[in-house]
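Good morning. Please have the structure open on your screens while I talk.

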Amino acid sequence: MRTLFLIKPGEIELKLGNKREFVHRLKEQIQKRLHGIHFDLEEYPGRFFLSVEAQDADFALFILQHCPGVNGIAQAIKSEKQTERILQAAIEIASKEAGRGARRFKVETRRSDKSFPLDSYGMSAATGNAVTQALSSLSVDVHNPDFVIEIEIRERAYIYANTSPGPRGLPVGSQGKGVLLLSGGIDSPVAGYMMSRRGLALEAVYFHTYPYTSIEAQQKVERLAARLAAWTGGLYLWVVPFTEVQQKIAKGLREEANTLMLRMAMMKAADAIASRIKARTIVTGESLGQVASQTAENLRLSQSMTSLPVLRPLIGIDKEETIATARRIGTYDISILPYEDCCVLFSPKHPLLKPNFEDLRAYYSSLELESEILKALDKAEEKFFSFGDALKAYGLDRYANFWNTGSIRE
Amino acid sequence: MTHDVYLDWAATTPADSELMRSALEISLASYGNPSSSHWAGKQASNILEESRQRFLAALGMNHGSLIFTAGGTEADHIPMLALLKHLKRAASQGKNIHIIISGIEHAAIDCQARMLQKTGIEVTWVAPDTRGHIMPEAVASHIRKETALICIMAVNNETGAIQNIRGISTLIDDAARTLKIKRPWFHVDGIQMLGKLPVAEYCLGADSIAFSAHKIRGPKGTGALWLSRPLESFVCGGGQEKGMRPGTENLFGALAFSLAGEKAQQMLETYAAHAQALELRLLEGVTRIKGAMVVPERKPKDSGFVPSIISLSFPGLGGETMVRALSDRGIAISTGSACSSRYKEKERRILKAMGVPEDISFSAVRVSTGALTSEHEIDIFLEQAEDLYRRLKT
């Protein structure tokens, strides 16, 4: 038995000149993630059709629900373009829905094959009739249906109900690569998720300040990385030992500037990593005014450490909304585990809210952190979180072994 | 790991393997259910009763009864939860139930009191003085007509402060007489006192006292509750342990606990002298580490503290960081209660209650010693702590 999924790509359909490239990216992303099971992926204008063994259907659905660029997914029946066959399939689908307690339905038909004898309206009407005759518990209600039977008449006919939403957005990699500053907090995993939906391929960086922060704090970030890997289709995490940088900053004379200096040093390190991996942007979870280091003046200072655009998808997002997203993508429960990150321990009692830009740039230079940052980068450990790790993180262990091997960087 | 130093005896102790083995062998041979009426049950129940008498004798208690529990926390909870059965009647009479606990109780009491609060029971926390002692007058001043229970620990698990249980008991008596009420039940968490001080003498006037086996080289998962008179327990079941702690008895645990208790009692003075020698070495050593301090300040052989539990602070270096860095060098200490480390209290509740400034409490660690601790271990700790403090202080 095989299961067929109809996949609706979203935004890429609106692209004009380089649409081919986006479509190709999406196809490649789906193929890459399905690695390890038998599948057929067919591409037609405006649709992909994925066929897998029925036993792998849950897994395929998980993949599609986490693959940016996918707008909607539905389990579909493929049929010959014959009215009787189509009606039969519609009744089959409707009877399943009725079994789940549905009472009202409507039918929507899209007919791109204009040679088909019935037009869209006629096909919908015929289906409505056939279904209500076959299943007396169901009635048509175009305004308030419990489910919608959708019929697409194209190369073949496809009949389905209950399209489940995909992540939408653009396929990963279509917008190049970015470096994500990943802490153990709530915000940065959400920022990573948001940018991966905008087509960025990501590599994450975590600054580890052992023994000021614990091994558990690092493990927490690794767990977050594993979950993010579901959206990004695998994720590299750079663990950068930043203790010596932090200690040198702490030896400086201006305690009130400690957090700012640390963030500037982190941005410097992220910039160096970006150039090593040919990333075009740096992504952070900063939100304007959320904490002292995230005022416009302070963002200007950290921004000044790199010439790359620093993307801050949460800059105007309210914390409650960020938390809601974090819950939805499954990072919240990990983020709230009580292992302090370095910023918490290191923060001055009275941080600078409106620093003098030139003055603090000069102070940063006077700290002479370059050699410590370089040393930290040399000692950085690169950990890869495969799509299989993501599957494990979400409890789909059955499929996780397919991804035991590391990935080769694009 | 370069060293093998264990200075976290207040968290738990290495079990006495000789006693544990002998308790295990006896309990393996006597496998019956102590509640069964056949020969196998009787054999087990005889051992259980012998263990009970042995433990009572070790405590020096010549009245009251003892029930075995599945640990110190459970022993603390039995008198607390017993209040729940009065809720309905109190509500129908339009009365509240009120309890008093100290601000320095272990999470077993503190957290459970917060849970009782959710049922409508009122809780008053009595603040300690700056040395971590609860003043009997302060406890008495909070007693009112509705007060049904008072919980004060005998020895604090973070600072080692010894509480004036007898003095508190006397003032509870006085307050009850003045208010013309039934004396509130006085529960004492004796977990850190057992094996360090003569319990019967120090806890005179308590209505119940909780103990834990693993703090005195007994097995984990075993505790006991001493009661001056029976209590109607909220937790019901098969009627074991006089109906106060249902569930088939842990014969191995009870026997092992009683043997460990007996040994601790026999060795009380020897261990105390040993702990004082270690305390002296530690306190002197700390004065040589620039910036380090003892929290609260205390002298060697200070009568207000047990010598085996000492809080230190290394300002400018987080307590968690110090614990982690020492652990990497093979030295085990803690920031406070191991239970709270898991529970992850955001703040240092006990030190905060004492009014210790945040930068000092944030940097506090606890060193606790025991029967097997050597002076050499103290020296290694001092040497390594000093080195790490110099390196990691910010």
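This is a predicted model: local features need pLDDT of at least 70, side-chain atom pairs count only at pLDDT 80 or more; totals for chains, interfaces and linings use all residues.

Start with chain A. The secondary structure of chain A comes to 16 helices and 15 strands. Its C-alpha trace spans about 85 × 40 × 40 Å along the principal axes. Of the 410 residues in chain A, 45% are buried. If you take the contacts in chain A with a separation of 6 or more, 79% of them are between residues 24 or more positions apart.

Now a pair of helices in this chain. Find helix H8, residues 258–277 of chain A, and helix H9, residues 296–303 of chain A. How do their axes cross, and at roughly how many degrees? The axes come within 8 Å and cross at roughly 40 degrees. An angle counts as roughly parallel when it is under 35 degrees, so H8(A) is oblique to H9(A). From H8(A), the contact is made by A:Leu260, A:Arg263, A:Met264 and A:Met267. From H9(A), A:Asn298, A:Leu301 and A:Ser302 take part. By class, that contact has 4 nonpolar, 2 polar and 1 charged residues.

Next, some backbone details. A:Tyr210 and A:Pro211 are joined by a cis peptide bond, with omega about 0 degrees. To find A:Pro211, look in the loop between strand S11 (201–208) and helix H6 (215–232) of chain A.

One is A:Lys278, with a phi of about 60 degrees, in the loop between H8 and strand S13 (281–283) of chain A. Is A:Lys278 buried or exposed? A:Lys278 has 10 other C-beta atoms within 10 Å; exposed means 12 or fewer, so A:Lys278 is exposed. The other is A:Glu368, with a phi of about 50 degrees. A:Glu368 sits in the loop between helix H13 (357–367) and helix H14 (370–378) of chain A. A:Glu368 is exposed because there are 9 other C-beta atoms within 10 Å.

Now chain B. The domain assignment gives domain 1 as 5–15 + 268–392 and domain 2 as 22–266. The centres of domain 1 and domain 2 of chain B, taken over C-alpha atoms, are separated by 27 Å. Where they touch, domain 1 of chain B puts in 26 residues and domain 2 of chain B puts in 32 residues. Which elements give two or more residues to the domain 1 side? In chain B they are helix H10 (268–287), strand S10 (309–313), helix H12 (338–343) and helix H13 (349–353). That side of domain 1 has 16 nonpolar, 9 polar and 1 charged residues.

In general, nonpolar side chains tend to be buried together in soluble globular proteins. The largest nonpolar core here has 115 residues, and among the members that touch the most others are B:Val139, B:Val188 and B:Leu312. Helix H9 (residues 251–266) of chain B gives the most to this core, with 9 residues. Where does this core lie? Both domain 1 and domain 2 of chain B give residues to it, so the core lies between them.

Take B:Val188 as an example. Leaving aside neighbours within four places in sequence, B:Val188 is in contact with B:Ile152, B:Met153, B:Ala154, B:Ile165, B:Cys203, B:Ala206 and B:Ile209. A second, separate core has 70 residues, including A:Phe207, A:Tyr236, A:Leu260 and A:Phe385.

B:Pro296 lies in the loop between strand S9 (293–294) and S10 of chain B. Now go to helix H15 (residues 375–392) of chain B and find B:Arg391. B:Arg391 is exposed, because 11 other C-beta atoms lie within 10 Å. B:Arg391 and B:Gly205 are 186 residues apart in sequence, and their C-alpha atoms are 50 Å apart in space.

Last, the two chains together. Their contact takes 8 residues from chain B and 6 residues from chain A. On the side of chain B, helix H11 (residues 319–328) gives the most, with 4 residues. That side divides into 2 nonpolar, 3 polar and 3 charged residues.

That is the end of the tour.

Key: Residues are numbered from 1 along each chain as its sequence is written. Chains are lettered from A and ligands numbered from 1 in the order in which they are written. Domain bounds come from an automatic or database domain assignment. Two residues are in contact if their C-beta atoms, placed from the backbone, lie within 7 Å. Ala, Val, Leu, Ile, Met, Phe, Trp, Tyr, Cys and Pro count as nonpolar, Asp, Glu, Lys and Arg as charged, and the others, Gly among them, as polar. Axes are lines fitted to C-alpha atoms, for helices over the stretch in contact, and angles run from 0 to 180 degrees between N-to-C directions. Angles under 35 degrees count as roughly parallel, over 145 as roughly antiparallel, 65 to 115 as roughly perpendicular and the rest as oblique. A residue is buried if 20 or more other C-beta atoms lie within 10 Å of its own, exposed if 12 or fewer, and partly exposed in between; C-beta atoms are placed from the backbone. A nonpolar core is a set of buried Ala, Val, Leu, Ile, Met, Phe, Trp, Tyr and Cys residues joined through C-beta atoms within 7 Å.
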